[in-house]
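Please brief me on this protein chain.

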Amino acid sequence: MPEQKRGPVTNLPLPRFVSMKASEGNVRRGPSLTHRIDWVFKRRGMPLEITAEYGHWRRVRDRDGAGGWVHYALLSGIRTVLIEEDMLRVRSRPEETAPVMAAFELGVVAQLGACEINWCEVTAGGHHGWAPKAKLWGVAPDELRE
């Protein structure tokens, strides 16, 4: 198994997923307050992928590949995912034949729970169940979580 790249600041794996802690956060062209703000993320809980670290700054990208540098204080280790299919059925167990518990709309941000090889536990809007990992953005294809 190849050695996973680690961040020079945190020694955490790169890339890795986090979520937006703040309800809005400036996305800058470079890792300092002197760099221009390219845009602002405006969705608390949105999953983001960290691709680089520099001091207190993290280079992130969103589902569409848009990104830049944000201050680490705007990010949370709480894991969320973006629902990638409209009316995605979440089930009572991680299997295709299990009873449907709810259906999540495309673009919903759900809290990420346990993940098996092909399924992850997700929670949104008071509803909870298992969804196919391939229909979620914010979790690595080979990631397992307890």
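The briefing below goes from the whole chain down to single residues.

This is a predicted model: local features need pLDDT of at least 70, side-chain atom pairs count only at pLDDT 80 or more, and totals for chains, interfaces and linings use all residues. Residues are numbered from 1 along each chain as its sequence is written, and side-chain values use heavy atoms, with hydrogens and water left out. The chain has zero helices and 14 strands. One disulfide and one aromatic pair turn up in the structure.

**Overall build**

- Helices (H or I, at least four residues) and strands (E, at least two) are DSSP runs, numbered from the N terminus.
- Read from the N terminus, the elements run β-β-β-β-β-β-β-β-β-β-β-β-β-β.
- Along the principal axes, the C-alpha atoms fill a box of roughly 55 × 35 × 20 Å.
- Of the 146 residues, 41% count as buried. Buried means under 20% relative accessible area, exposed means over 50%, and partly exposed lies in between (1.4 Å probe, protein chains only).
- The chain exposes about 8300 Å², and carbon and sulfur atoms supply 52% of that area. Accessible areas come from the Shrake-Rupley method with a 1.4 Å probe; for residues, only the protein chains shown count as cover.
- Among contacts with a separation of 6 or more, 50% are between residues 24 or more positions apart. Contact means heavy atoms within 4.5 Å.

**The disulfide**

- A disulfide is a covalent bond between the sulfur atoms of two cysteines. The cut-off used here is a pair of cysteine sulfur atoms within 2.5 Å.
- Cys-115 and Cys-120 form the link, with their sulfur atoms 2.1 Å apart.
- The angle about the S-S bond is 115°, and the link of Cys-115 and Cys-120 is right-handed.
- Both Cys-115 and Cys-120 are buried.

**The aromatic pair**

- The structure holds one aromatic pair. Phe-17 and Trp-137 form it edge-to-face, 5.2 Å centre to centre and with 90° between the planes.
- The pair links distant parts of the chain: Phe-17 sits in strand 1 and Trp-137 in strand 14 (residues 136-137), 120 residues apart.
- Rings of Phe, Tyr and Trp (its six-membered ring) pair if their centres lie within 6.5 Å; planes under 30 degrees apart count as stacked, over 60 as edge-to-face and the rest as tilted.
- Phe-17 is buried at 13% relative accessible area. Trp-137 is buried too, at 10%.

- Val-81 lies in strand 8. Val-81 counts as buried because its relative accessibility is 0%.
- Setting aside neighbours within four places in sequence, Val-81 is in contact with residues including Pro-47, Val-108, Val-122, Leu-136 and Trp-137.
- Ser-76 belongs to strand 7 (residues 75-76). Ser-76 is buried, with 12% relative accessible area.
- The Ser-76 side chain reaches the backbone nitrogen of Ile-78 at 2.9 Å. A polar contact is a pair of N or O atoms within 3.5 Å; within protein, one must be able to donate a hydrogen and the other to accept it, and residues adjacent in sequence count only if both atoms are side-chain atoms.
- Not counting residues up to four places away in sequence, Ser-76 touches Val-18, Ser-19 and Lys-21.

**The segment before strand 1**

- Pro-8 is found in the segment before strand 1 (16-20). Pro-8 is exposed because its relative accessible area is 68%.
- Leaving aside neighbours within four places in sequence, Pro-8 is in contact with Leu-14 and Glu-53.
- Asn-11 is also placed in this segment. Its phi is positive, about 65°, although Asn-11 is not a glycine.
- Pro-15 lies in the segment before strand 1. A cis peptide bond joins Leu-14 and Pro-15, with omega about -10°.

**A loop residue**

- Met-87 is placed in the loop between strand 8 (80-83) and strand 9 (88-91).
- Met-87 has a positive phi near 55° and is a residue other than glycine.
- Met-87 counts as partly exposed, at 44% relative accessibility.
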